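Please read it alongside the sequence and the coordinates.

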Amino acid sequence: MRIGRRRLLGAFGIGAATSLMAACGTINLSSDRTRTATGGRRGDLIVYSGRSESLVEPLIDRFAEAAGVRVKVKYANTAQLAATILEEGPNSPADIFFAQDPGGLGSIAHFMTPLPDRTVNQVPPWARSPEGGWVGISGRARVVAYNTDKLTESDLPDDIWGLTDPIWRGRMGWAPINASFQTMVTGMRSVWGQERTREWLEGMIANKTGFYPKNTPIVAAVGSGEIELGLVNHYYLYRFLAEEGVSFPVRNYHPRAGGPGALVMVAGAGILDSSKNKDNAARFLEFMLSKTAQRYFASQTYEYPLVNGVPTERLLMPLEEIRQPSISVNDLADLRGTQALLRDTGALT
């Protein structure tokens, strides 16, 4: 489900050029933009993006136009890109790592260059690296998407531990290979401990939870009645509602008792120490934190903006009403430990 050019123009609106100039400097509309990262020259910008192309390509294109910078993007799973950076080490050609979740960012934190206070202080303390190595760009909440023809919110358990009850056998879907799911499980390990998290995973497996490759097909399966509920990020539903209309029979449930299933994660970005284009990289981060870009995330991808003065999309539950667990972003960095647990339980093969 791609975001079309007409929707892109609507997102930026008339007068956006002023904001773009403030964030990026000179505008060069003839800028050459490419999306394959195979190495770069000084003056280019190479972005390793764990955010999907359909979500962020319009913004990256807009930055390239506004800043007069040739941007090369390598799109892949956040965990895969983090592993690539770890393998490349100080020889990585990347300037920016734009990750889907704080776990991926934390796993390569020692390769990040400290950001200035004026950058990181634009977002709340929970949405940035305590060491200043990366900054949150947008917020994403974990939810239970449920079929409204078959369930009401009152049918759902207070927290996702209740999904291990045998009454949910064969009625659910999850995406264990998805980076956001893995971050949620990392949060479980922080809140519940290793053994209780193992019990939850084994209970979900015993309940024949259906495997899906990512969030979008889970929401589609809930909507079709193939399953009755699924563990996803909140914003996928709103993309379906925009395309299918309000009759689409799926809604989000933020667990009323909170816990790891109500985790609010940040997609964020940082500059690699090895970057050869740190000035352009800094301009990229400033653009992503500009009100223009933050409005795009709010209105077009239905994520939570992190910068003061940018309203949340009215359809979303306000952040302050979500009973998210208190978890340090540093506690979400151990993706390898989570992946080992997922493999050990058979949730990930």
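1. Gln294 touches Ile137, Met288, Leu289, Pro305, Leu306, Val307 and Val310, leaving out residues up to four places away in sequence; contact here means heavy atoms within 4.5 Å. Gln294 lies in helix 12 and is buried, with a relative accessible area of 0%. Buried means under 20% relative accessible area, exposed over 50% and partly exposed in between, with a 1.4 Å probe and protein chains only.

2. Residues are numbered from 1 along each chain as its sequence is written, and side-chain values use heavy atoms, with hydrogens and water left out.

3. The pLDDT, the predictor's confidence in each residue from 0 to 100, averages 87 over the protein chain, and 88% of the residues score at least 70. Over residues 1-40 the pLDDT is below 50, although this stretch has 89 contacts in the model beyond near neighbours in sequence. Where pLDDT is low, the predicted coordinates should not be read in detail.

4. The protein chain contains 13 helices and ten strands; these are DSSP runs numbered from the N terminus, helices being H or I with at least four residues and strands E with at least two. Of its 349 residues, 57% count as buried. Among contacts with a separation of 6 or more, 79% are between residues 24 or more positions apart.

5. Helix 12 (residues 291-300) is largely enclosed by the rest of the structure, because seven of its ten residues are buried. Those residues are Thr292, Ala293, Gln294, Tyr296, Phe297, Ala298 and Gln300.

6. Lys208 has a positive phi of about 55° and is found in the loop between helix 8 (194-206) and strand 6 (210-211). Tyr302 is buried, with a relative accessible area of 9%, whereas Lys208 is exposed at 53%. Most residues other than glycine have a negative phi.

7. Asp101 sits in the loop between strand 3 (96-99) and helix 5 (102-107). Its side chain reaches the backbone nitrogen of Gly103 at 2.9 Å. The side chains of Asp101 and Thr183 are joined by a polar contact of 3.0 Å: a pair of N or O atoms within 3.5 Å, where within protein one must be able to donate a hydrogen and the other to accept it, and residues adjacent in sequence count only if both atoms are side-chain atoms.

8. In helix 9 (residues 215-224), the buried residues are Asn215, Ile218, Val219, Ala221, Val222 and Gly223. Their cover includes strand 5 (172-174), strand 7 (229-233) and helix 10 (235-244).

Technical notes. This is a predicted model: local features need pLDDT of at least 70, side-chain atom pairs count only at pLDDT 80 or more; totals for chains, interfaces and linings use all residues.
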